[in-house]
Amino acid sequence: MHCMDNNCSWKVRRMRVMNIGCWMVTKFVKEHTCAVNYKREGHRQATIWVIGDCLKNRYIAPSRTFKPQDIIDDVRERFGVQITYNKARRAREAAYDTLRGTPKESYTFLPSFLHVLVECNPGTTTDLVLTQEGRFNYFFFALVASKEGYKFCRPVVCVDGAHLKGKYEGMMFTAVCKDGNNSIFPLAWGIGDVENDSSWLWFFTNLVFVSDRHPNIVKAIREIYSGVFHGICMQHLLHNIKNKFRGISVDMLYYHCAKAYQLCEFACLMNTLTLVQPCLGPYLEEVGYERWSRAYLEGR
């Protein structure tokens, strides 16, 4: 064993003593000839678990953000050791695991969590689906407060999915509406492996609509709620327009069309939009004015 500085004379030599399973020091040079301030990137004692344990107090607050670069600067300032970005990122994960447990452990707590959730909130709807191998597949819950509160909200449900960025990834499905104060009112949440037909069918089966134009959502709504009106989010529709017709910029004119109250006002704005971009007129008419414009929306 020698010093991290290859030019330093400090070293320890040992040999194994046969038959008794012990080690004996044969040579020991205790004087260091290296500089006191000698630093080496990736100090062998600066493991991810040691760094994570030293920094875990900085992650106690859920809203606290301490990025890998902040960890690099903090370790260099406090301990005089330079670590790599990858080690700082892994040390952050180690600190999370120490404070909050691992993601794998969190999945094993789901059945207990759902049991306590229903016990403390009678009337809450939950569903946990496992694969044939006993692994997590789908998770759904709707609080009783959300179910009761929907009676006083507008009769329009908006659904969408968002990609999860954790270790196991997946999709989060949400259903929301608007209350009397024009604020977003959450109705239900779901977690699935991917965004496809089967995952949306499962979510809508539990949910017993305004959305983006994702084909899986359209197919699931038609199959589960064949007689329910399905509107389209005007923001998602604008994104689809920009993806389909590259290089056009009609944001403000499009929003004026979508938000117009009167049919005559909508017709005037739509004619202007078609003159500016002739390709949009047939496309928006094919989508259906009643699905994205306020003027044609039934019961507006």
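**Legends to close-up views of the predicted model**

**View 1. Overall fold and surface.** Of the 300 residues in the protein, 33% are buried (under 20% relative accessible area; exposed is over 50%, partly exposed in between; 1.4 Å probe, protein chains only). The model is predicted: local features need pLDDT of at least 70, side-chain atom pairs count only at pLDDT 80 or more, and totals for chains, interfaces and linings use all residues. Residues are numbered from 1 along each chain as its sequence is written, and side-chain values use heavy atoms, with hydrogens and water left out. The secondary structure comprises 13 helices and nine strands, taken as DSSP runs numbered from the N terminus (helices H or I, at least four residues; strands E, at least two). The protein exposes about 19300 Å², of which carbon and sulfur atoms supply 55% (Shrake-Rupley method, 1.4 Å probe).

**View 2. A surface patch of positive charge.** Arg154, Lys178, Lys259 and Arg294 make up the patch. Patch residues have over 30% relative accessible area and no salt bridge, and like charges are joined within 9 Å. A salt bridge is a side-chain nitrogen of Lys or Arg within 4 Å of a carboxyl oxygen of Asp or Glu. Charges are placed at NZ of Lys and CZ of Arg; Lys and Arg count as positive, while His and the chain ends are not counted. Arg154 sits in the loop between α6 (144-149) and β5 (158-163). Arg154 counts as partly exposed because its relative accessibility is 45%.

View 3. With a disulfide defined as a pair of cysteine sulfur atoms within 2.5 Å, the count is zero. Cys257 is in no disulfide; its nearest cysteine sulfur, that of Cys268, is 9.0 Å away. Cys257 is buried, at 0% relative accessibility. Cys8 is also buried, with a relative accessible area of 9%.

Key: Patch = residues over 30% accessible without salt bridge, like charges linked within 9 Å, V, L, I, M, F, W, Y side chains within 5 Å.
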